[in-house]
Structures are given as C-alpha cells and as structure tokens.
Amino acid sequence: MDLATGAMGSLLPKLAELLKEEYMLQTSIKKKVDSLEKEMKSMQAALCKVRDVPRDQLDIQVKLWAGEVRELSFDMEDVVDKFLVRVHDGSELAANSNKLARLIKNMVRLFTKGKARREIATAIKNINKQVQEVANRRGRNAVDNIVCGPTTVTPVDPRLRVLYTEVTELVGIVGKRDQELMKLLSEGDILSKEKLKIVSVVGFGGLGKTTLVKTVYDNIKEDFDCRAFVPVGRNADGKKVLMDILVDLGMCGSNLTLWNERQLINKLRESLQNKRYLIVIDDIWDEKLWATINLAFSKSNTFGSRLITTTRIVSVSKLCCSSSTDSVYQMEPLSDDDSKRLFYKRIFSGESGCPPEFDEVSTNILKKCGGVPLAIITIASLLASDQCIKPEDEWHVLLKSIGHGLTENPSVEEMMRIISFSYYDLPSHLKTCLLYLSMFPEDQEIKKDGLIWMWIAESFVESGNGRISLFEIGETYFNELVNKSMIQPVYDKESVIGTICACRVHDMVLDLICLLSREENFVTIVNGVSKEEHEATPLESGRILQVRSIATFEP
C-alpha cells in the first residue's frame with residue numbers, strides 16, 4: 001500500500017480479476033468494470049505526479065482532489081473484496097455429510113452468489129457515477145500540468161557512525177559545554193552543595209540539549225545512590241512521568257498504574273529519602289506539569305542530589321530553577337567552525353574538506369542553518385544522498401529554496417520546513433514507511449527487525465525480483481532512512497562492528513510526520529495523547545469500517 005496512491009496498487013489487479021469469466025458478470029457490468037479500471041489507472045498516474053510535489057506548493061483544489069481519489073480507492077476495494085469473498089466457495093463439507101445436507105448447502109451457495117452478483121452490479125454503477133464526478137473535477141484542476149522533479153540491500157552509510165559521534169562531541173563530550181554544565185551542577189558553598197540543586201538546560205529544538213545532558217548523565221551517574229533518565233515530551237501526563245521515574249529507580253510493579261498522582265508523589269518522596277540521587281527529566285513543555293513533578297522532590301536532606309531538566313521554553317526553565325542555588329543553562333548554536341566541521345564530515349569523505357567550487361555555496365547554506373545540528377545534518381544528508389555528492393547547481397537550487405532559513409526566523413515552523421526538504425526528496429515507498437513511524441510514542445526506541453516486519457505486514461515493502469527476500473528489501477528501506485538522516489540509528493553496544501539494532505525519531509521530525517499523517521488521514525491515535533492532538537478521541541463508528549490495521553502500545 002502506497003500512502004500517495006491509496007489502495008490503487010491492490011485495487012487495479014482486483015478489478016482485472018472481476019473481468020474473468022468465472023465471475024459471470026453481465027456484459028454491461030463488465031464494460032463498466034473495464035471503464036473503471038482504465039479511469040483508475042489514469043488517476044493513479046496523476047496521484048504519482050502529485051506525490052512528488054511538496055504540499056505547500058500544491059494548489060488547495062489539487063490536494064482535495066487527490067485526497068478524494070485516495071478515499072474512493074479504499075471504498076472501491078472494500079466493495080470488490082466483499083464480492084470476491086462472498087462469491088468464492090467456502091470450506092468443503094466434511095466427508096461424512098449426508099447428501100441432503102450437501103444439496104441444501106449447494107442451493108444456499110447458488111442463491112448467495114446470485115445475490116452477490118446483483119449487489120456488485122449495483123455497487124459498480126454507483127461507483128462509476130462517483131468516479132465520473134471525481135474525473136470531471138480533475139478536469140477543472142491543474143493536475144495534468146504538474147511538473148515532477150527528477151536489487152541488493154542498501155548499506156548504511158559508513159560515515160554516519162562517525163557523524164553521530166561528531167555531533168555528540170560538538171554538543172558535549174569534547175568541548176566546553178559539558179564542562180560548563182558540570183560546573184553548574186557542582187558549584188556552591190559547602191551547605192548548598194548538600195542541598196538539592198536543579199539545573200535546567202534551555203534552547204531551541206534541534207540544538208542537542210538531550211545529547212548534552214545524556215553525556216553528562218552517563219559521566220556522573222555512578223557517583224549517586226540511584227538515578228533515572230525520563231523523557232517527557234509535549235502533552236505529557238503527570239501520572240505517567242511519575243510512574244516512569246519510579247520504574248527507572250527500580251520500583252517496578254503493576255500496582256503503580258492503580259495509584260493516583262498523590263500516591264505516586266508520596267511513594268517517590270519515600271523512595272528518595274536519605275539517598276543521593278541524579279534524575280533527568282527531558283523535554284518539559286508545560287509549567288503545570290513541572291509544578292506537579294516538583295512536588296515529589298524534597299529540598300532538604302538530599303545529600304547533594306541533582307535534578308536536570310531540559311526544555312525549549314524559557315518560562316519553564318525559570319520555573320524549574322526557582323531557588324537561588326539553581327541554575328539555568330542557555331544552549332547556544334554551534335560556532336561557524338563547528339558547523340562547517342559537522343557539515344563537511346557528512347558530505348565529503350576523508351579529511352580533505354570542502355572542494356573550492358562548493359566553498360561559497362556551502363558557507364551560505366550553513367548560515368541559513370543557524371548553527372543548529374539537526375538542520376545541518378538534515379541538509380547535508382540531502383546533498384550527500386545515495387552516497388554521492390549532488391551537482392553544484394542543485395546546491396544553489398536548495399540554497400534558494402531555504403529562504404531566510406534559521407538566521408532571521410529560528411522557529412519550529414522554519415525548522416520543520418527545512419526538514420521537509422529531505423522528506424519530499426524521499427521516494428514514495430520511503431515516505432509511506434517514514435509516516436508509519438508517527439504512530440509510535442515519542443522518544444521510543446523502535447526495534448529494527450520488528451519495524452521491518454510491520455512494514456511487510458502492511459504491504460509497504462514492494463517485492464523484488466525473487467532473488468532478495470522481502471525482509472532484505474525492508475532492511476534496505478530502513479538503511480535508506482538512516483542514510484537520509486530521517487531516523488536516528490541506535491547501535492548495539494555489544495557489537496564491535498557497529499550493528500544497528502533500533503532507531504529513534506527526533507522530536508522535530510516526529511512533529512513533521514505527525515502533521516503530514518494527520519493531513520493524509522494516514523494514522524489516527526485514540527484513547528491516549530498524541531503528538532498532533534491534545535486529547536485523542538475515539539473513532540466514530542462510521543470510520544471504524546475504514547480501519548486497515550490497529551497497533552497498540554503499553555502506557
């Protein structure tokens with residue numbers, strides 16, 4: 001199944017199947033089916049054009065038309081599937097069935113098949129009418145004038161592991177940032193050093209706050225009696241955050257889910273009493289949420305415990321650091337030199353640096369990335385796609401497309417627009433596989449093998465020439481998304497050759513794919529909190545009929 005073309009890929013063969021003699025459709029209905037098949041092929045070709053154009057460059061009427069065609073293809077497939085299931089014989093009667101029972105069964109089958117043929121005839125007439133209406137609207141829209149831009153397992157780009165090490169170094173490990181954060185955690189007089197100290201790291205999304213804090217956390221965690229690192233994210237639930245902290249501290253148990261916030265706070269205070277602890281609460285968006293979490297931490301008799309928070313919101317960071325002993329650490333963008341180092345490392349192999357002909361255009365592109373590591377990696381991966389450097393003229397086209405970039409407008413919207421360049425550069429099958437990740441909870445480590453099998457089950461993986469398995473093709477998809485920097489690889493710590501065992505989706509990328517999934521009616525999250533909805537509501541009964549698959553995740 002292709003996100004851009006809906007059910008067309010599986011519908012067209014089924015329409016061809018209906019034309020076979022064994023289904024004994026009337027001649028007039030066969031002609032309508034044949035006409036449907038030809039019209040849907042034409043619409044499929046138009047949808048393939050639409051999918052290659054960024055949504056912000058599409059006319060709104062074209063967007064609506066494409067969405068209408070996709071929904072129509074799903075409705076048509078439902079009708080055809082229902083007919084094919086009903087018209088095929090059911091399971092054979094048992095060998096010891098008597099003749100009368102067998103005769104009655106055969107009579108019922110004949111009646112059912114005749115009824116199914118009449119129903120499919122009526123359904124085909126109705127669908128034909130709908131298709132003609134949609135086809136007429138296509139004539140009024142500029143779909144045909146859209147101009148499109150330009151068998152072994154694809155390996156992961158070997159430069160990527162070095163690149164991610166480089167990012168870590170630039171935002172923390174080998175530099176002044178981790179030293180500055182360590183200093184904030186340790187400074188103060190003798191009395192204040194024995195109290196709970198809170199340090200809040202604040203900065204724009206994509207700067208590497210989590211990377212920096214995780215580096216410091218790993219370096220100092222053995223100096224504390226107990227520790228926890230808990231990702232939060234947008235629209236987080238206070239009760240779940242408290243439970244996650246307790247679980248990280250080793251307080252497992254199914255009864256935690258039965259407790260209310262007051263009970264969880266009391267249990268957490270009790271667990272931390274007379275202990276020196278280190279706790280990181282990553283990516284807080286809400287002041288009210290922090291006010292709830294903060295109740296769990298006593299300010300006295302903490303034996304020099306440390307609490308680190310990260311946030312994009314200045315007011316949240318100030319609220320976290322209300323005491324005179326607390327500190328706010330403002331995360332700054334990379335310097336020009338570090339930006340170039342990261343950019344060139346991704347694109348140009350070896351230590352030769354940037355060729356002279358790319359020097360000026362690369363400098364201008366980097367200015368528009370504003371020293372934000374995520375933006376730099378995303379743009380660099382686009383220019384170094386398929387393990388080769390794109391021609392210089394494409395660099396200039398990209399530079400012009402970025403506009404002001406992050407230099408004049410360091411906003412979430414502008415960052416997402418930069419990331420979207422890489423999304424629209426993906427082939428259609430990779431777009432579908434990437435948008436599928438929008439259903440996973442924020443900050444989740446997604447196991448590679450399990451994800452590939454899920455893609456296969458959803459029919460996202462296209463079969464090859466028979467010499468390579470579906471799983472190997474799916475592995476190629478996974479590696480291509482890693483190479484494009486759309487997902488972040490998680491390496492097996494026990495592997496000496498750098499084997500990738502899982503992936504994560506950066507929250508900025510997750511914001512983008514959740515937005516696109518919602519616009520395309522691709523993923524709906526119910527009975528929980530999603531990235532794209534404040535409170536997800538149950539599906540309407542009518543929409544349940546259009547659900548193609550369901551995935552559940554433990555809270």
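This is a predicted model: local features need pLDDT of at least 70, side-chain atom pairs count only at pLDDT 80 or more; totals for chains, interfaces and linings use all residues.
**Salt bridges, strand pairing and a charged surface patch**

By the rule applied, seven salt bridges are counted. Among them is a contact between the side chains of Lys-240 and Asp-244, at 2.9 Å from N to O. These residues are separated by about one helical turn, because they lie four residues apart in helix H9 (residues 238–248). Lys-240 is partly exposed, with a relative accessible area of 36%, and Asp-244 is partly exposed at 24%.

A further salt bridge joins the side chains of Glu-445 and Arg-504 (3.2 Å, N to O). This pair links distant parts of the chain, 59 residues apart: Glu-445 lies in the loop between helix H19 (428–436) and strand E6 (446–447), and Arg-504 in strand E8 (residues 500–504).

Strand E1 (residues 197–202) runs parallel to strand E5, and four bridges join them. Within this pairing, Val-199 stands opposite Ser-327 of E5. Strand E5 (residues 327–330) has a covered face, formed by Ser-327 and Tyr-329, and an uncovered face, formed by Val-328 and Gln-330.

On the surface, Glu-357, Glu-392, Asp-393 and Glu-394 gather in a patch of negative charge. Helix H16 (residues 392–402) contributes the largest share of this patch, three residues. Glu-392, found in helix H16, is partly exposed, with a relative accessible area of 33%.

Definitions and conventions:
Residues are numbered from 1 along each chain as its sequence is written. Side-chain values use heavy atoms; hydrogens and water are left out. Patches are made of residues with over 30% relative accessible area and no salt bridge: like charges are joined within 9 Å, nonpolar side chains (Val, Leu, Ile, Met, Phe, Trp, Tyr) within 5 Å. Accessible areas come from the Shrake-Rupley method with a 1.4 Å probe; for residues, only the protein chains shown count as cover. A salt bridge is a side-chain nitrogen of Lys or Arg within 4 Å of a carboxyl oxygen of Asp or Glu. Lys and Arg count as positive and Asp and Glu as negative; His and the chain ends are not counted. The place of a charge is taken as NZ of Lys, CZ of Arg, CG of Asp or CD of Glu. Helices (H or I, at least four residues) and strands (E, at least two) are DSSP runs, numbered from the N terminus. Buried means under 20% relative accessible area, exposed over 50%, partly exposed in between (1.4 Å probe, protein chains only). Two strands pair if DSSP finds at least two bridges between them.
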